[in-house]
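The structure is shown first.

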Amino acid sequence: MNNVTMKIQADKLIMMALEEDITREDITTNSVMPEFKLGTADLICKQDGVIAGLQVFERVFKLLDEDVEIQFFFKDGDTVKNGDLIGVLKGDIRVLLSGERTALNYLQRMSGIATYTNGIVKMLEGTDITLLDTRKTTPNMRVFEKYAVKVGGGSNHRYNLSDGILLKDNHIGAAGSIKKAVEMAKNYASFVRKIEVETENLEMVKEAVDAGADIIMLDNMTPDEMKEAVAYIDGRAKTECSGNVTAEKIQSLKDIGVDYISSGALTHSAPILDLSLKNLKPVE
């Protein structure tokens, strides 16, 4: 996540998260630390995984106080193990205490997504399949969660509704048919936009091919149904497998022949990576 992205998209979201946690003051911290005192704290890993979100973690503290210093011993995408010292923080103890939970929430969530994604990416090694995320993200967390997917080795599907055309069942229902929906999309959107159509059976696949869809999503089909669909499409469109895709199901999907596998689970079901801020002490 570069500095431009951080300032344009992330800063306002991080500030909202801080405002959620500190509406008026941090009563506990202010009661035990009424005045400035320089201190240090250790960022400790408590579980094996892939780290993601270190810049976001740091930005939480920097938005509270630009003078906070953090030395990291790892970078995003690195494998970390239980007991690793990820970094050392130095700054106003009041800031370290008040920013701790928000910073850890981001880092644990993003690292969990990167870890889960990386596990599935490894299962797909040796294939030509690209693993994609979806829009099934936590509200106001999309920029962070999709970044974490990329850190874990996955790729991003469309970022939001303005980013690409995906004609799902309800869009098709609104238009009246796949053929009509594709025609309307081609007439409305720029020629540089690819058109993806969600299908649920072979008849819909045939209609999508005839309509000239660029990408055909095979949604909630059985592996045998998807193999039949891929054979019928025969390279006339890119193919994407979707529908309740989890790590447990990946093995049954590897040999279908699709170009992409999309999984909402990457962002909505990944467990956090356990991290902790420990050993806070004053600097004498």
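Because Lys206 and Glu203 are three residues apart in helix H8, about one helical turn separates them. Helices (H or I, at least four residues) and strands (E, at least two) are DSSP runs, numbered from the N terminus. The side chains of Lys206 and Glu203 meet in a salt bridge, at 3.9 Å from N to O. A salt bridge here is a side-chain nitrogen of Lys or Arg within 4 Å of a carboxyl oxygen of Asp or Glu. Lys206 counts as partly exposed at 27% relative accessibility, and Glu203 is exposed with a relative accessible area of 56%. Buried stands for under 20% relative accessible area, exposed for over 50%, and partly exposed for values in between (1.4 Å probe, protein chains only).

The model is predicted, and local features need pLDDT of at least 70, side-chain atom pairs count only at pLDDT 80 or more, while totals for chains, interfaces and linings use all residues. Residues are numbered from 1 along each chain as its sequence is written, and side-chain values use heavy atoms, with hydrogens and water left out.

**Salt bridges**

Side chains of opposite charge can pair when their charged atoms come close. The count for this structure is eight salt bridges. One of them joins Arg59 to Asp11, with the closest N and O atoms 2.8 Å apart. Arg59 lies in helix H3 (residues 54-64) and Asp11 in helix H1 (residues 3-21), so the pair ties together parts that are 48 residues apart in sequence. Arg59 and Asp11 are both buried. A network of salt bridges links Asp11, Arg59 and Glu66.

Lys168 and Glu198 also meet through their side chains in a salt bridge, with 3.0 Å from N to O. This pair links distant parts of the chain, 30 residues apart: Lys168 is in the loop between S7 and helix H6 (169-175), and Glu198 is in strand S8. Lys168 is partly exposed, with a relative accessible area of 29%. Glu198, in turn, is buried, at 4%.

**The sheet**

Strands of a sheet pair through backbone hydrogen bonds, either parallel or antiparallel. In this model, six strands form an open sheet with parallel pairing, in the order S6-S11-S10-S9-S8-S7. Strand S6 (130-132) and strand S7 (165-167) are the edge strands, each pairing on one side only. Two strands are taken to pair if DSSP finds at least two bridges between them. On average, neighbouring strands of this sheet are turned by 25 degrees against each other, direction ignored. Axes are lines fitted to C-alpha atoms, for helices over the stretch in contact, and angles run from 0 to 180 degrees between N-to-C directions.

Strand S9 (residues 215-219) and strand S10 (residues 238-242) run parallel and are joined by five bridges. Met217 has Glu240 as its bridge partner in S10. Helix H7 (residues 178-188) packs on the sheet, where it touches S7 and strand S8 (195-199), and its direction makes about 160 degrees with that of S8. Helix H8 (residues 202-211) packs on the sheet as well, touching S8 and S9, at about 165 degrees to the direction of S8. Contact is defined as heavy atoms within 4.5 Å.

**Aromatic pairs**

A pair of aromatic rings is described by the distance of the centres and the angle of the planes. Rings of Phe, Tyr and Trp (its six-membered ring) pair if their centres lie within 6.5 Å; planes under 30 degrees apart count as stacked, over 60 as edge-to-face and the rest as tilted. The structure holds three aromatic pairs, among them the following.

| Pair | Centre to centre | Angle of planes | Type |
|---|---|---|---|
| Phe57 and Phe61 | 5.3 Å | 65 degrees | edge-to-face |
| Phe57 and Phe72 | 6.3 Å | 65 degrees | edge-to-face |

Phe57 and Phe61 both belong to helix H3 and are four residues apart, about one turn of the helix. By contrast, the pair of Phe57 in helix H3 and Phe72 in strand S3 (residues 69-72) links distant parts of the chain, 15 residues apart. Both Phe57 and Phe61 are buried, with 0% relative accessible area for Phe57. Phe72 is partly exposed, at 24%. Ring pairs link Phe57, Phe61 and Phe72 into a cluster.

**Cysteines**

How many disulfides are there? The count is zero disulfides, a disulfide being a pair of cysteine sulfur atoms within 2.5 Å. Cys45 is buried, with a relative accessible area of 0%, and Cys241 counts as buried at 2%.
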